[in-house]
Amino acid sequence: MIPDLANGVLATDLVQAYPDGYRLFGKPKMNKAVDGVSFRLHEGETLGIVGESGSGKSTLGRMIAGIETPYSGAVSFWGEPYAPVGSFLWRQQRRHVQLVFQNPAAVVDPRWTIHAQVREALLTHEALTRETADERTQEALALVGLGSMGHRLPHQLSGGQLQRAVIARALILRPRLLICDEAVSALDVSVQAQIINLLLDLRERLKLTIMFISHDLSVVRHISHRMGVMYHGKLLEIGDTQALFDAPRHEYTRRLLSAIPVEKPRRSKKREIDNSRAL
Amino acid sequence: MTSVDFSEGLRERRRYRFLTRIWKSRPSLVIGLCIFWLVFVVFTALFAQAIAPFGYAEQSLLERLNPPAFMGGSSKYWLGSDNLGRDVLSRVLYAMRTSILIAVMATIIGATVGTVLGIVAAHFRGWVDDVIMVMVDFQASMPFLIVALAVLAFFGNNFVLLVILIGLFGWDGYARIARGLVLSTNGQGYAHAIRTLGVHPAKVYWRHVVPNMMGVILVQVTLNFPEIILLETSLSFLGLGVQPPATSLGLLLGEGRNYLATAWWIGVPAGVVIFLTTLSVSLLGDWIRDKLDPNLQDKSE
């Protein structure tokens, strides 16, 4: 198979490092959050990224989204590099890549109705009449099941509804890539399922490419075609989700997978990490 | 022995609870009075000309140092007359106009300058942030009255300069608040998220950040406003503020000082107005802050 080089995202040797405080003399030591990550994200696929807290998966997501400039390495987004953060071109590129964050209540303006906030995203990139914009906004809200709630303020919605509104705001621009950074982690399990099913549904309908960052392995297994495992800033392995679950190649992946809670613990294989002793 | 300690603590707590209950049962009355007084002050400031029985500079040398009407003075001068035979009531009314005008304009200047600089500092970070924050620290550590006196003495006194100077008092508070709020919302909050939609930062600030900051800024205004009235009072009292024959509350207080022992009615009314106005604004500010703070809101219920 010849890989489609023009479409999708190509990350080459991405490094993100933050200075470790300031030094009066000499350069500060750099802490590497992401350390030499390369992978390809194909158009139309869903890539899951798993890893523990501090493994650099969120930083990786921010670099892939182009809202953070890598320390070194390059991101090619549908064949193009990202423009410098904040530039005019960068703002125009925003419509092609959208983010959904962990805490929906923190990323919406508490004083604007969700209709107005979704419409603002649309009007930022398209010059439309008020009526058309309202119509398109209404469509987008209906798509995520909030058709009748556009007039509400963020605090009048539940966490799950608010996350739907954020997804509507992201998808109204018809982005090529949707990056979900712990998008369901703050929601309770039944609501998580709703959001996941919504994403699966929208993926089919809108032919979305999704990068799904989560520490929840079972969610990632459910949603992603391929998945990558991060640990200490490095991408340990990446591959077909099912294959990776069946035959993890890396020792850390094996330990991570064995830590997934199962329905009937007594019957399960012995865990690699003995949690009882740690407690 | 332990039981004594216990009851002691209990009584202490009960007394405290008693006081808080009084405070809780009264605020509507206290706040009502504050609002009433402030409305009255604004009304007087706007219509001083129509209300005042005399002009502020109208002298009558034969009617000098008349005591107030309720102390057996002439009914012509409700609050008595001063050393030049000017009606104290009229002068207080006009003084309220001057002082409130200065305080309102200065507060607007200070709030605007401070908020804008705070946003600029938080947006650009780096050396811009450093420079603005050094200016904030400088402002906070300098005795402002002395700086103001120096500037007024050096450039000469005029009304516009006075207003601008008083306006710059307290901008550091606004700057610090605005900077903190913008930093937090730029880091993880909605401003950051909305910017990733491709919205221009200026629009994000104007449409989202500033309207959301208004509540906190408003509280800072109510804390800053009394200080500004007092600053104007101090400057006028020292002779570098409003110049006679125009009058302000501070000037009245300064003039009345010379006659405090013989004709207290010249200075005291201005003092009472200053006291009531600053107290009202402070109490109202506290009340608004409590109303806006969801944590405090929950505790009181």
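**A:D13.** I started with A:D13, which is exposed, with 12 other C-beta atoms within 10 Å. My cut-offs: a residue is buried with 20 or more other C-beta atoms within 10 Å of its own, exposed with 12 or fewer, and partly exposed in between, with C-beta atoms placed from the backbone. This is a predicted model, where local features need pLDDT of at least 70, side-chain atom pairs count only at pLDDT 80 or more, and totals for chains, interfaces and linings use all residues. Residues are numbered from 1 along each chain as its sequence is written, while chains are lettered from A and ligands numbered from 1 in the order in which they are written.

I found A:D13 in strand 1 (residues 9–19) of chain A. Helices (H or I, at least four residues) and strands (E, at least two) are DSSP runs, numbered from the N terminus. A:D13 is not a glycine, yet its phi is positive, about 50°. Most residues other than glycine have a negative phi.

**A:R174.** I noted another non-glycine with a positive phi of about 50°, A:R174. A:R174 sits in the loop between helix 5 and strand 6 of chain A. A:R174 counts as partly exposed because it has 15 C-beta neighbours inside 10 Å.

**The sheet in chain A.** Next I traced an open sheet of six strands, in the order 5-6-7-3-8-9, with mixed pairing. I call two strands paired if DSSP finds at least two bridges between them. Why is one side of strand 5 and of strand 9 left without a neighbour in the sheet? Strand 5 (97–100) and strand 9 (234–240) stand at the edges and have a single partner strand each, so one side of each has no neighbour there. On average, neighbouring strands are turned by 15° against each other, direction ignored. Axes here are lines fitted to C-alpha atoms, for helices over the stretch in contact, and angles run from 0 to 180 degrees between N-to-C directions.

I checked two pairs of strands. Strand 3 (residues 46–50) and strand 7 (residues 209–213) of chain A are parallel, with four bridges, and A:L47 has A:M211 in strand 7 as its bridge partner. Strand 5 and strand 6 of chain A also run parallel, joined by four bridges; there A:L99 is partnered with A:I179 of strand 6.

Although strand 5 is an edge strand, both of its faces are covered. A:V97 and A:L99 on one side, and A:Q98 and A:V100 on the other, are all buried.

**Helix 5 of chain A.** Helix 5 has 13 residues and reaches 18 Å from its first C-alpha to its last, close to the 18 Å expected at 1.5 Å a residue. That expected span is 1.5 Å times one less than the number of residues. Is helix 5 of chain A largely enclosed or exposed? It is largely enclosed by the rest of the structure, because 12 of its 13 residues are buried. Among them are A:Q163, A:R164 and A:A168. I see the buried residues packing against strand 5, helix 3, helix 4 (130–143), strand 6 and helix 6 (189–206) of chain A.

**Nonpolar core.** I looked up the largest nonpolar core, which has 123 residues. Such a core is a set of buried Ala, Val, Leu, Ile, Met, Phe, Trp, Tyr and Cys residues joined through C-beta atoms within 7 Å. Those touching the most other members are A:V100, A:V118, A:A168, A:I179, A:M211 and B:V92. Helix 3 (residues 88–124) of chain B gives the most to this core, with 17 residues.

**Chain B.** I found 12 helices and zero strands in chain B. Of its 301 residues, 38% count as buried. One buried residue is B:G173, with 22 other C-beta atoms within 10 Å, in helix 7 (residues 171–187). Leaving aside neighbours within four places in sequence, B:G173 is in contact (C-beta atoms, placed from the backbone, within 7 Å) with B:G114, B:Q220 and B:N224.

**Where A touches B.** Last, I checked the contact between the chains: 17 residues from chain A and 12 residues from chain B. Helix 3 (114–125) of chain A supplies the largest share of chain A's side, four residues. By class, that side has eight nonpolar, three polar and six charged residues. Here Ala, Val, Leu, Ile, Met, Phe, Trp, Tyr, Cys and Pro count as nonpolar, Asp, Glu, Lys and Arg as charged, and the others, Gly among them, as polar.

Technical notes: Two residues are in contact if their C-beta atoms, placed from the backbone, lie within 7 Å.
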